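Subject: Structure handover and notes

Dear colleague,

I am passing on the structure we talked about, with the sequence alongside. Please open it first, and then read the notes below with the residues in view.

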Amino acid sequence: MTAGNRDTANAPQVNDLPIGLTASGTRTETDSIGEIEVPAGHYWGAQTQRSLIHFDIGDDRMPKEIYHAYGHIKKAAAIVNAAADRLPRWKADLIARVADEVISGDLDEEFPLYVWQTGSGTQSNMNVNEVISNRAIQLIDGRLGSKDPVHPNDHVNMGQSSNDTFVTAMHIAAVQMVESRLLPALDRLREAADAKSREWEHVVKIGRTHLEDATPLTVGQEWSGYVAQLADAADHLRQVTRGLYRLAIGGTAVGTGLNAPPGFGDQVATKIAELTGRPFTSAPNKFAAQASCDALVRVSAAIRALTAPLFKFANDMRWLGSGPRTGLNELVLPSNEPGSSIMPGKVNPTQAEAMLMVAIQVIGNDTAVSIAGGEGNFELNAFRPVIINNVLHSARILADMIEHFRLYLVEGAKLNTGRLTDNLERSIMMVTALSPVIGYDKAARIAHRALDEDLSLKDAALKSGVSRELYDRVVIPERLTRPGVAGPDHKHTKGRPD
């Protein structure tokens, strides 16, 4: 056993102090550059304060999910270091206790840094190290800023570098966001759409291609398309997210593992997997893991790809619900809020519009991620903050939007069966059913005659020599939606109707 772990009997008493500092004014903290004053009412230290001064850019703060992920890293590293007698057990326990506060979000106010900072995420890593150090010192009645007996670098950051821990935190945060929020929301939307598809399975409507009338299908069939698109996109997102399970931890500065003990990356990754309940492992090639952000680029692209079926779904719903008197008006959309400050009674498809705007934002976010992902110069991609901010932002707003879209639009949508029936009766494109029986050219002449003379399809067919018996036997809307199951009798000779 090392000398460090023989001092367990002399470990200071840990007090059950609530989170928070009541001091006013400032206190002096130090780093390798020198002294700096920091707010006495916060746990962060010198490097955090310098970052706040030098990168006071906009209102974009580093996502809290990064810090929660960092809590898992610091806890796992402390446990591994203590098990190997590199860190006194009582210090590891203290670090782990504060790391749990980080993970739970109880210390969120202590992580104020901006997205626009050093591209490696060094200042966010040090922000975590400093907060854990000072909170641990507070718990044993020590002097904040003294770095004694828990040092932010020597103890909290033991065996680690910002270069391997920040991208590890990125992966953990992205996995948790996608798997805990985005995919479950998507699954619930798919289930809601599937319920509508089954409910409307036998309701026949006129299809549309090129925005023009086409042959019939059922509303359930139409909605089954949305269900299948969402399922395919979810499957793809699940598949690419698995690439995030490989963590850079253990690579330290440039991927060689300098200052990290042998096996440290594997051990910490195993512990992170245990703490999070997800199958994280140590990346087999730390040079790729640290010089690139390829796995996150692929996840961002998959999230962007998800916007395609969502964009179509939302667009179809707002067009099918357009009206109520002069639009398509096949769907009756929920009335969630007034739609105009000047036109009484107006209701708009606001959830669909919001979905389209969110999709556009996600597409823009992915463009930035793609560009930043290609900026991995030599042994480090130094554009990590913008990458993870955009990935988490996309996943978060899309998860929220999908949930709202389901609750406030899809689940409350109803059919205007009167309009559907009227469209069926007025449709010309059901002449397609006659084409194999009487020939394409004659069927086309009937369609044009119906339009030119403003006739129903049936009247135009009868006036063109098609018998009523043949028409009624062949042109059956319900059968036309499932031709392979109950298709019309096509045993007639072309051009020779009964």
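This is a predicted model: local features need pLDDT of at least 70, side-chain atom pairs count only at pLDDT 80 or more; totals for chains, interfaces and linings use all residues.

Two packed helices are described by the angle between their axes and the distance between the axes. For H2 and helix H3, which spans residues 89-104, the angle is about 165° and the axes lie 8 Å apart. Because angles over 145 degrees count as roughly antiparallel, H2 and H3 are therefore roughly antiparallel to each other. The crossing in which H2 passes H3 is left-handed.

Helix H2 (residues 64-83) also packs against helix H8 (residues 264-276), here at an angle of about 125° and with the axes 9 Å apart. That angle makes H2 oblique to H8. H2 passes H8 in a right-handed crossing. On the H2 side the contact is made by His72, Ile73, Lys75, Ala76, Ala77, Ile79, Val80 and Asn81, and on the H8 side by Phe264, Gln267, Val268, Lys271, Ile272, Leu275 and Thr276. Sorted by class, the residues in the contact of H2 with H8 are nine nonpolar, four polar and two charged.

A further partner of H2 is H4, and these helices pack at an angle of about 65° with their axes 11 Å apart. The crossing of H2 past H4 is right-handed. Here Tyr67, Tyr70 and Lys74 of H2 meet Ser124, Asn125, Asn127, Val128, Asn129 and Ile132 of H4, and the contact of H2 with H4 holds four nonpolar, four polar and one charged residues.

Helix H7 (residues 219-241) gives the most to the lining of the largest cavity, contributing three residues. By class, the lining of the largest cavity has six nonpolar, no polar and three charged residues.

Some points of the backbone also deserve a look. Most residues other than glycine have a negative phi, and most peptide bonds are trans. In this model, the peptide bond from Asp148 to Pro149 is cis, with omega near 15°, and Pro149 is found in the loop between helix H4 (122-139) and helix H5 (152-156). Gly323 and Pro324 are likewise joined by a cis peptide bond, with omega about 5°, and Pro324 has its place in the loop between helix H10 (294-320) and strand E7 (331-332). Thr252, a residue other than glycine, has a positive phi, near 50°, and Thr252 is found in the loop between strand E5 (246-247) and H8.

With best wishes

Terms used. Residues are numbered from 1 along each chain as its sequence is written. Side-chain values use heavy atoms; hydrogens and water are left out. Axes are lines fitted to C-alpha atoms, for helices over the stretch in contact, and angles run from 0 to 180 degrees between N-to-C directions. Helices (H or I, at least four residues) and strands (E, at least two) are DSSP runs, numbered from the N terminus. Angles under 35 degrees count as roughly parallel, over 145 as roughly antiparallel, 65 to 115 as roughly perpendicular and the rest as oblique. A crossing is left-handed if the near helix is turned anticlockwise from the far one by less than a right angle, and right-handed if clockwise. Contact means heavy atoms within 4.5 Å. Ala, Val, Leu, Ile, Met, Phe, Trp, Tyr, Cys and Pro count as nonpolar, Asp, Glu, Lys and Arg as charged, and the others, Gly among them, as polar.
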